[in-house]
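Keep the structure in view as you read.

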Amino acid sequence: MNNLPEVPGLETARVLVVDDNRVNRHLLQALLERGGVTRIEMAEDGNDALARLDSFRPDLILLDLMMPNLDGFEMCRRLRALPAWKDLPVLVQSSLNRAEDRAKAFAAGATDYVTKPINAVELLARVRIHLQNRALLHDLQRFRERTESELSLARKMQERLMPTPDRLAEVEAATGVGITAHFAPSSELGGDFWDLRHDAEPGQGQDRGQVQGRGRTMLYMVDFSGHGVGAALNTFRLHAICQQMDMSGLTPAEFLSIVNRRLCALLPNGQFATMLAGVVEPSENRFVYASAGSTRPMVWAPGDPAPQLGDSAGLPLGLLAAAEYEERSLPLPPGGRLFLYSDGAIEIPVGSDVLDEPGLAALVTERMAETDGARFLDGLLERLRAIGPIDDDLTALLLTRKG
């Protein structure tokens, strides 16, 4: 929260009058009281005024420029150097009326300027305007603080949708597949989302020999169109859908078809999502997946010179309820790795174009020798940020099949 005081109505607004002339101070006090301002404090020079700030908490300063000890110019400069008072309106009243004097006052931090002799009607009108503006600014600051607090809470809720490190450790112990993840929304909230579902026992219709008695893990990554609050709400919708589903026995293509039908009934017109869902099949040394317009998965094994790019063609979710999805596979032997990512990683500006998937694959090739998953992702993300700004949500997953 900021250190600015509450801004009340005009009748209780605090005005600090700073003038070395006692007669002028009392004249200004009388004018302000006639205009409805009753909470007034007076200071004899700039030092006196600065000393009263924290105790009086003014909503406006009425400042003379020519004063002994500390004049109005220097007082303004010191006031603006204090973060709590950088937006406090300062209405200068001075007999100096040259253009260069006005320019000097504004350069020092003055908000407005009236010349002596004071016109009472003009002075009161300007006082009212600046107090009203300050009240509006204060309301906007409070609104922004409240909004930022609510967005921060929503982001924490969204991050809790992702698998925890303990959950990933359990899956690795059960399946022999380690997962390292990175998630960063472009703003306070994003439209990216990923999760997994591990079944301790094989689903119906599966050969128990294929899963080696360790069950099956369905992994899925989603990227909703847009970002911000609307896209984040869609991630909560999808999370609820997936939590309610019985995934045992479903192929990745069947899983996408069911999710698509349900999203078509929920998403507003014009909104859609890309998604990839897949499972690791240890006995066949492959990753079986289906894609709804997602980015192309990359796989490589120890000794490979470059990653192999998979096919990701498919209609995005939420557009056509009757859409069907094709099942594909990529080799994933012991020691092999699978890299999944959202399109934030390939939409980085490169000259007049953007970084495409082959370009990203070239960057991945540079990092393939790195055996630690976290260092692999950190180094890759560092290279991406060096290329250009990442303006979209970015999720990146590295799956390592233990040897």
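Q: Is Lys116 buried, partly exposed or exposed in this predicted model?
A: Buried means under 20% relative accessible area, and exposed means over 50%. The relative accessible area of Lys116 is 24%, so Lys116 is partly exposed.

Q: Which residue meets Lys116 in a salt bridge?
A: The N to O distance of the bridge is 3.5 Å. The pair links distant parts of the chain, 97 residues apart. Lys116 lies in the loop between E5 and helix H5 (120-160), and its partner lies in the loop between strand E1 (14-18) and helix H1 (22-34). That partner is Asp19.

Q: Is Asp19 buried or exposed?
A: The cut-off for buried is under 20% relative accessible area. Asp19 has 0%, so Asp19 is buried.

Q: How many residues apart are Arg52 and Asp48?
A: Their side chains meet in a salt bridge (2.9 Å, N to O). Both residues lie in helix H2 (residues 46-56). Their spacing is about one turn of the helix, 4 residues.

Q: Which side chain makes a polar contact with the side chain of Asp112?
A: Asp112 is found in strand E5 (residues 112-115). Asp112 counts as buried because its relative accessibility is 13%. Residues that Asp112 touches include Val90, Phe106 and Arg126. The polar contact, at 2.9 Å, is with the side chain of His130.

Q: Why does the span of helix H9 agree with what it should be?
A: Helix H9 covers residues 252-264, which is 13 residues. At 1.5 Å a residue, H9 should span 18 Å.

Q: Which strands and helix do the buried residues of H9 pack against?
A: The buried residues of H9 include Pro252, Phe255 and Leu263. They pack against helix H8 (229-244) and against strands E8 (216-224), E9 (273-281), E10 (286-292) and E13 (327-331).

Q: How far apart in space are Val288 and Arg328?
A: Val288 lies in strand E10. At 3% relative accessibility, Val288 counts as buried. Val288 touches Arg328 and also Pro252, among others. Val288 and Arg328 are 40 residues apart in sequence, but C-alpha to C-alpha they are apart by 5.7 Å.

How values were computed
Residues are numbered from 1 along each chain as its sequence is written. This is a predicted model: local features need pLDDT of at least 70, side-chain atom pairs count only at pLDDT 80 or more; totals for chains, interfaces and linings use all residues. Side-chain values use heavy atoms; hydrogens and water are left out. Helices (H or I, at least four residues) and strands (E, at least two) are DSSP runs, numbered from the N terminus. The expected span of a helix is 1.5 Å times one less than its number of residues. Buried means under 20% relative accessible area, exposed over 50%, partly exposed in between (1.4 Å probe, protein chains only). Contact means heavy atoms within 4.5 Å. A polar contact is a pair of N or O atoms within 3.5 Å; within protein, one must be able to donate a hydrogen and the other to accept it, and residues adjacent in sequence count only if both atoms are side-chain atoms. A salt bridge is a side-chain nitrogen of Lys or Arg within 4 Å of a carboxyl oxygen of Asp or Glu. Lists of a residue's contacts leave out its neighbours within four places in sequence.
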